[in-house]
Amino acid sequence: MTRGRSAADAYLGDIKVELTKMLRTPAFAVPTIVFPVMFYLLFGVLLGTARGNMQMGLYALAAYAVFGTMAPGLFGFGVTLAMEREQGLLTFRQALPAPPGAFLVARMVTAMVFVSLSTLLLILVATTIGKVPLTPAQGLLLYFVNVVGVLPFAAVGMFLGATASGNAAPAIINMIYLPMAFLSGLWVPLQFLPKMLQDVAPAWPAYHLAQLSMHTVDAPMMGTIGNHLAALVGVTVLFFFLAMRRLGNRGISLFGPARSSAGSARPLRQALSIGIVFISIGLIIAGVLGGQAPRKAAAATSDGAQGSGSATPVADSDSGAPPGVAAPDVPVIGSFDDGSAKAGYGIGWSAVDDKMRGGNSSVAQHLVAGGAGESAGALEVSGEIGTAIQYPFAGTSFLPNGDAAKSFAEQGFMDYSARKTLSFFARGDGRTYTLMLMGPVVDAIPTMYTFDAGPEWQQVRVPLHELGGVDLKRIKVISIGTMTPGPFRFQVDDVRID
Amino acid sequence: MSQSTLARLDDVHKRFGKIAALDGLDLTVNRGELLALLGPNGAGKSTAISILLGLQRPDRGMAGLFGEDPQSVEARQRIGIMMQEVNLPSVMRPRELIRQVSNYYPNPYDMPTVLEKLSLQQLADRPYGKLSGGQKRQVQFALAICGRPELLFLDEPTVGLDLKSREELWQVLRDLVHEGCSIVLTTHYLEEAEALANRVAVMAHGRVVAQGSVDEIRAHVSRKNVSYRSTLPRQTIEAWPEVLQWSEQSGRQQVVTRDAEALLRRLLAADAELSDVEVRRAGLAEAFAEITASAQSGNGKPS
């Protein structure tokens, strides 16, 4: 028997063993694959798309994909490495004639397979039960970003696995994993967290991967791709380097031959080490500072009306469009008292539905007597939201710089950056309604602010500068309406922008 | 490096902090031999082995495996190893573990051969974590030999084995040597070295303090055990200068001495009734104790 085995056999053999090992460890495999989908069903579907909040459904898909990416990296590398290090398995493996790095390659492939399983399951659930509209290209990109995105978590996991004892590792990693997921906005959107926590979010690697993940499904991303890549690459390099050093000090080299501890190359290697550390820290700092989130809406309550900002910022506020014209110095944009639904400028208010986008929602609006306070009239909007498309909407819209002779895409912008608050009175059938501000990027999800309209008139006050992502210099459309399927009826009065 | 030398350490020094684990160690492993490496805890056996395996680098001196760096994959493909404290993944089955390690070698044994050599056929598909301590050692041994190695490193291979399994493993080792495989073995069981080794190297304080065949090592030691039945009182015998140690067990007395002939003359002269006399040369255990004790007292050579 003189058949020579190839290195490929050795690599494949190691991958098979690593994968089998993890699949046979239910304490690892089950939470890793099932938890992201479970959380998604809860936050993304029950609290999101099922309540008509499509934006939440999309956000949750991108966020839980990242949540599913963290565990195989952190636990797969961290806990397993710590235990096998203590059990002498790493030392034993090191003395075997395995090709260099086979062990690391096998671990990495295993982590990526687990990420694949959790991401694909998530995409399946999101597009079926969650009814999130996802093109194959978006799905593929989301999948790819997360499979590669496991690397920074694998590096952090390796460092912890090289440092902590086998018994302590699971606790330590959980104490990093769960808070990091929360503080990176993976469970609930960052807007719902206190401002202080929002500001430090870019310090977490999961935040950066989450932003990239958002971008792949065309949900709004904070910061730029470059920022996030820099932070993630920096974290990967730094922690991988620290982990290898740590293991090296313990006499373990995962890359085959360990270099002699004595020798003339020592100063050179030290200089190289310092260089790697500095460059990776530099990348992280650049990424973290650049990835700083713009301010987001804080939950604002007006005179009794319950409103919550669920805005997610638009990708790039300077999307090449010229700033809008300065808004006329008239705060009221809808009094509905003079027998007309017209504002002092622009087009509107006029009823809008989603039929142009292929939907089947219907809407009608008419003026009614007896507005909020003592005012003469108000605008009543009613209709029914259909379910033919993923983001149904019907309501009434105002185009501040609108021109009836132009198509929707050609409509101009209005610069409201000098104004602070958009307010109006509303009452209705008790359902949840949404104020939307739309900027230059027509396909992007508009900035939204939801409120409940009960039987009594209540004022809704929206602090414009605390709404994340909205480009106040370029407002094209202001809409008030609803996305929740079923019949609806509400009245609106005294719309002002001060 | 000659053709017959498979592994060697030349004047190897290794310090851990203030402690010199190896202090100018010279050691060679020759083709076809079973070398038993003996020594008390802290003598440097494990350090010597881990340098030969390329797990550690000497501070000074040279380590070679098949004339190459011990860390080269080519050299490692010619050796098999069994370490003392290794927990293999408990969810994996012996067959899977053996297949994984076999993949690293250019010309491994096929699976049925490995399983048969270690009588593992019945256990091959049981999770490793469910095996007994002895069965686990058998699997580890299978991993050591599955690559058809020319040189085997075995660190305390029979710890935790029952008598029967130990005898079986010894037989496998003898067969391997017969087939031309060389073996380096560290052990606490002196009878293991006596039963298997062609050559013994005794280590103390990071150096080899004695080496040779089992008989040669024994010959290093001048002590003999003289046992007999007599009515002579203990005080009389203990007063004789030849007597190092006296003991009695179920009516039979035993004296440890360096000069058995002189002692016998005195005994016969003092007690005409002396009976059941037996003179026995020291076993490896006594030799080992004496060699390392004299090394401890600063004298590199046994008395």
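## Reading a predicted two-chain model

Q: How many residues of chain B are in contact with chain A?
A: Two residues are in contact if their C-beta atoms, placed from the backbone, lie within 7 Å. By that rule, 27 residues of chain B are in contact with 29 residues of chain A. The model is predicted, so local features need pLDDT of at least 70 and side-chain atom pairs count only at pLDDT 80 or more, while totals for chains, interfaces and linings use all residues. Residues are numbered from 1 along each chain as its sequence is written, and chains are lettered from A and ligands numbered from 1 in the order in which they are written.

Q: Which helices of chain B supply at least two residues each to the side that touches chain A?
A: Helices (H or I, at least four residues) and strands (E, at least two) are DSSP runs, numbered from the N terminus. On this side of chain B, α2 (73-76) and α3 (94-102) each supply at least two residues. The most comes from α3(B), with 4 residues.

Q: How do the residues of that side divide by class?
A: Ala, Val, Leu, Ile, Met, Phe, Trp, Tyr, Cys and Pro count as nonpolar, Asp, Glu, Lys and Arg as charged, and the others, Gly among them, as polar. The side of chain B that touches chain A has 14 nonpolar, 7 polar and 6 charged residues.

Q: What share of chain A counts as buried?
A: A residue is buried if 20 or more other C-beta atoms lie within 10 Å of its own, exposed if 12 or fewer, and partly exposed in between, with C-beta atoms placed from the backbone. Of the 498 residues of chain A, 50% count as buried. The chain has 12 helices and 14 strands. Among its contacts between residues at least 6 apart in sequence, 80% join residues at least 24 apart.

Q: At what angle do α7 and α8 of chain A pack?
A: Axes are lines fitted to C-alpha atoms, for helices over the stretch in contact, and angles run from 0 to 180 degrees between N-to-C directions. Helix α7 (residues 150-163) and helix α8 (residues 169-183) of chain A pack at about 145°, with their axes 10 Å apart. Gly157(A), Leu160(A) and Gly161(A) of α7(A) make the contact with Ala169(A), Ile172(A) and Ile173(A) of α8(A). By class, this contact has 4 nonpolar, 2 polar and no charged residues.

Q: Which residues touch the most other members of the largest nonpolar core?
A: A nonpolar core is a set of buried Ala, Val, Leu, Ile, Met, Phe, Trp, Tyr and Cys residues joined through C-beta atoms within 7 Å. The largest has 86 residues, and Ala36(B), Leu52(B), Ala142(B) and Val202(B) touch the most other members. Helix α5 (residues 133-145) of chain B gives the largest share of this core, 6 residues. A second, separate core of 82 residues includes Val145(A), Val217(A), Ala230(A) and Val288(A).

Q: Why is α5(B) described as largely enclosed?
A: Of its 13 residues, 11 are buried, so α5(B) is largely enclosed by the rest of the structure. The buried residues include Gln135(B), Phe141(B) and Ala142(B). Their cover includes β5 (79-82), α3, α4 (111-117), β6 (151-155) and α6 (163-178) of chain B. Leaving aside neighbours within four places in sequence, Ala142(B) is in contact with Pro94(B), Ile98(B), Val114(B), Leu118(B) and Leu120(B).

Q: Where is Lys131(A) found, and what is its phi?
A: Lys131(A) is in the loop between α5 (102-128) and α6 (136-148) of chain A. Its phi is near 55°, a positive value in a residue other than glycine. Lys131(A) is partly exposed, with 15 other C-beta atoms within 10 Å. In chain B, Ser119(B) lies in the loop between α4 and α5, and its phi, near 50°, is also positive in a residue other than glycine.

Q: Which peptide bond is cis?
A: The bond from Gly348(A) to Trp349(A) is cis, with omega near 10°. Trp349(A) is in strand β4 (residues 347-352) of chain A.

Q: Is Gly428(A) buried or exposed?
A: Gly428(A) is buried, with 22 other C-beta atoms within 10 Å. Gly428(A) belongs to strand β9 (residues 421-428) of chain A. Gly428(A) and Val492(A) are 64 residues apart in sequence and 8.7 Å apart in space, C-alpha to C-alpha.
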